[in-house]
Every structure is written in structure tokens, then in C-alpha cells.
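This briefing is meant for a reader who is meeting the structure for the first time. Please keep the sequence and the model in view while reading the points below.

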Amino acid sequence: MRLDRIDFAILRELRKNARLPNKTLAERVGVAPSTALERVRRLRESGAISGYHAEIAPAAVGIGLQAMISVRLARHSRKDLDAFHAYLLTLREVLAFYHVAGANDYLLHVAVANSDHLRDFALDAFTTRPEVAHIETSLIFTFRRNPDVPIYREADQD
């Protein structure tokens, strides 16, 4: 799908607030409400918009501590990577994970109730796994999602 400047404007606005009323969205990007509605539908169908989510206050659901856990695997076979990836998807403490290049193989953003929960989770979830060679935990003091979306290519010409 070829995106133009209006599509990029819509993506920026929805990234800031996915619950923005269509009429407000249309006003902000300078199109008619029917045009905005159709463009959002097209962006969803093409996969440019892959989903919507709610930002939840961690304390409201009992999250008292967040951390990044770096994981180094013992082996790098496709089978081990696929198994570890599937395993991560089963862990409710894992908010997001990244398969990365460098000294470590994965970075995991985790959310737990407290430091005891973090210790037990790290020990039980990772030191028992045969594919894990090393873990390192860093506490997160502040987490904020950037509401803007970087655009690295020019909008297609109309």
C-alpha cells in the first residue's frame, strides 16, 4: 500500500490516541469525516494499522516493579530459538520481548508485583530452561511510550 501525507497524519494522530473520534481525526488531518473513516479502514485492511491497545496504569493492576531482562542462549539453533520464543509467549509477566543482535539474544520487558516476584520469576522462568546460558536484570525506574511515530520515508506523491 502506498501511503500519502494524509495517511501519515492519520497514523500520527491514532498513535497519540487510538480512541480519537472520527470527526476530530478528520478535522486534525484536514479531510471530511467520511474520507477519514475510509482511510482508517484501508490502513487497517492493508496492515499499516496492526491493532489498538489501552495504556494501563501499572499500579492499578498490582504491578509494582518493571525490569528489562537480558537473556543469552546457550545455542542458536532454529529449534531452540523457536522454542524459546513460544515459551516467552506463555509468560504473563513478559510485556514485550525483542530478539536482538549483540552479546545477548533477547531483551524482555517484564512487569511483576515486587522484588520477590521478580527474583522468583527470573529464577523459575529462565534458569530452569536448558537453552538459557545467562540472564541479567535491570530495573526500570520510568517507562513512557513515545506517542509519535517516526517516518523514515517521504509520503508518496498524490
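Predicted model: local features only at pLDDT ≥ 70, side-chain atom pairs only at ≥ 80, totals over all residues.

The expected span of a helix is 1.5 Å times one less than its number of residues. For the 14 residues of α3 this gives 20 Å, and the end C-alpha atoms of α3 are 20 Å apart, which agrees.

**Helix α3 and what follows**

- The buried residues of α3 are A36, R39, V40 and L43; seen down the axis of the helix, they fall within an arc of 100°, so they line one face of α3.
- These buried residues of α3 pack against α1 (5-16) and α2 (22-29), whereas S34, L37 and E45, on the other side of α3, are exposed.
- Directly after α3 comes G47, which has a positive phi, near 95°.
- Leaving aside residues up to four places away in sequence, Y52 touches A18, V40 and R44, and the C-alpha atom of Y52 is separated by 8.9 Å from that of R15, although the two residues are 37 apart along the chain.

**The strands**

- Strands β1 and β3 run antiparallel and are joined by seven bridges, with L65 having V112 in β3 as its bridge partner.
- Strand β2 (residues 94-99) also pairs with β3 in the antiparallel sense, over five bridges, and H99 stands opposite Y106 in β3.
- Between β2 and β3, which form a hairpin, there are six residues, and G102 in the turn has a positive phi of about 125°.
- β3 is mostly covered, since six of its seven residues are buried.

**The nonpolar cores**

- The largest nonpolar core has 20 residues, and those with the most contacts inside it are F84 and F126.
- At least two residues of this core come from each of β1, α4 (78-88), β3 (106-112) and α5 (115-126), and β1 gives the most, with five residues.
- As a general background, nonpolar side chains in soluble globular proteins tend to be buried together.

**The aromatic rings**

- The structure holds five aromatic pairs, one of which is formed by F84 and Y87, a tilted pair with 6.4 Å from centre to centre and 40° between the planes.
- F84 and Y87 are three residues apart in helix α4, so they are separated by about one helical turn; F84 counts as buried at 0% relative accessibility, and Y87 is buried with a relative accessible area of 18%.
- The rings of F84 and F126 have their centres 6.3 Å apart and their planes at 55°, so this pair is tilted; because F84 lies in helix α4 and F126 in helix α5, the pair ties together parts that are 42 residues apart in sequence.
- Apart from residues up to four places away in sequence, F84 touches V71, L73, Y106, F126, E131 and V132.
- One aromatic cluster is formed by F84, Y87, F97, Y106, F121 and F126.

Definitions and conventions:
Residues numbered from 1 in each chain as written. Heavy atoms only, no water. Contact = heavy atoms within 4.5 Å. Helix = DSSP H or I, 4+ residues; strand = E, 2+ residues; numbered from the N terminus. Buried < 20%, exposed > 50% of the residue type's maximum accessible area, 1.4 Å probe, protein only. Arc of directions from axis to C-beta. Core = buried A, V, L, I, M, F, W, Y, C linked by side-chain atoms within 4.5 Å. Pairing = 2+ DSSP bridges. Phe/Tyr/Trp six-rings, centres within 6.5 Å; stacked < 30°, edge-to-face > 60°.
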